[in-house]
Number of protein chains: 2
Amino acid sequence: MESQFGNKIRALRETQHLYLRQVAPLLEMDTAQLSKIEKGLRQIKRELIPILAEILKTDKDQLQTLWLADQIYAVVKDEKFANEAMQVADKKINLKKKKK
Amino acid sequence: MESQFGNKIRALRETQHLYLRQVAPLLEMDTAQLSKIEKGLRQIKRELIPILAEILKTDKDQLQTLWLADQIYAVVKDEKFANEAMQVADKKINLKKKKK
DNA sequence: GTATATTTGCCAATACTTGACAAGTCAATA
DNA sequence: TATTGACTTGTCAAGTATTGGCAAATATAC
């Protein structure tokens with residue numbers, strides 16, 4: 001259930017001695033929600049990531065990457081052919097990139 | 001919108017000269033639904049894949065892998081850091097495997 | 001034209017996710 | 001041991017998203 005994204009933002013928040021109570025309102029949510037997000041029980045909305053990156057003075061691209069990795073992981077985690085499927089998906093992504 | 005899974009099962013169905021009308025009822029759906037699945041406009045339920053594999057006399061693991069690749073692709077397709085995120089996710093999957 | 005195969009559009013029904021709040025735990029400390 | 005502050009958990013209505021089923025449209029062949 002735990003998420004890399006959640007772990008990361010919790011670590012960042014804690015090293016900066018910020019409380020949920022301080023961060024949550026900046027994201028227009030309550031502490032319960034943010035707590036769940038940090039523990040991987042809820043998804044943060046994608047559009048809040050850049051805002052959060054700013055609050056936590058960190059790189060938004062890295063946060064976005066972690067967030068996306070969690071999404072992927074959620075899809076493949078119990079799948080026997082996760083690796084194979086990732087390869088297939090990867091091939092398609094890179095084909096797409098070439099096209100541009 | 002098109003899917004690798006959909007393309008595959010359509011190809012298999014056609015080479016075997018089967019009609020939607022023949023296959024759909026075996027999956028307890030109507031032709032419209034199966035048509036949409038083949039075109040990638042709908043998801044097939046995961047548990048139907050083995051049944052479909054049998055109908056189409058093909059390897060269920062391969063179908064499952066394609067299906068999963070489509071799921072992954074749907075998550076990452078418009079993401080700038082798709083590749084990086086896949087790497088991160090991959091690492092986590094393989095960690096998990098080691099644990100067992 | 002008719003017949004058969006497939007596709008499309010719609011929308012009610014279902015399933016899934018979220019937001020909001022209240023009540024809970026835990027740790028520190030008066 | 002009562003109080004306070006930080007965080008967590010549970011619940012559930014409200015909000016979103018997805019699906020199933022049907023009817024109508026289109027396509028192809030004869």
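Modeller: A residue is near a molecule or strand if its C-beta atom, placed from the backbone, lies within 6 Å of that partner. The model is predicted, with local features requiring pLDDT of at least 70 and side-chain atom pairs counted only at pLDDT 80 or more, whereas totals for chains, interfaces and linings use all residues. Residues are numbered from 1 along each chain as its sequence is written, while chains are lettered from A and ligands numbered from 1 in the order in which they are written.

Biologist: How many residues surround DNA strand D?

Modeller: The closest residues to DNA strand D are Y19(A), L20(A), A32(A), S35(A) and A32(B).

Biologist: Which element gives the most to the surface near DNA strand D?

Modeller: Helices (H or I, at least four residues) and strands (E, at least two) are DSSP runs, numbered from the N terminus. At least two residues each come from α2 (20-23) and α3 of chain A and from α3 of chain B. With five residues, the element that gives the most is α3(A).

Biologist: How many residues of the surface near DNA strand D are charged?

Modeller: Ala, Val, Leu, Ile, Met, Phe, Trp, Tyr, Cys and Pro count as nonpolar, Asp, Glu, Lys and Arg as charged, and the others, Gly among them, as polar. Five residues of this surface are nonpolar and four are polar. The number of charged residues is seven.

Biologist: Which element gives the most to the surface near DNA strand C?

Modeller: DNA strand C is surrounded by 15 residues, among them Y19(B) and S35(B). Elements supplying at least two residues each are α3 (31-38) of chain A, and α2 (20-23) and α3 (31-38) of chain B. The most, five residues, comes from α3(B).

Biologist: Which element gives the most to the side of chain B that touches chain A?

Modeller: Contact (C-beta atoms, placed from the backbone, within 7 Å) joins 24 residues of chain B to 24 residues of chain A. On the chain B side, two or more residues each come from α5 (60-76) and α6 (82-99). With 11 residues, the most is given by α5(B).

Notes:
Contact = placed C-beta atoms within 7 Å.
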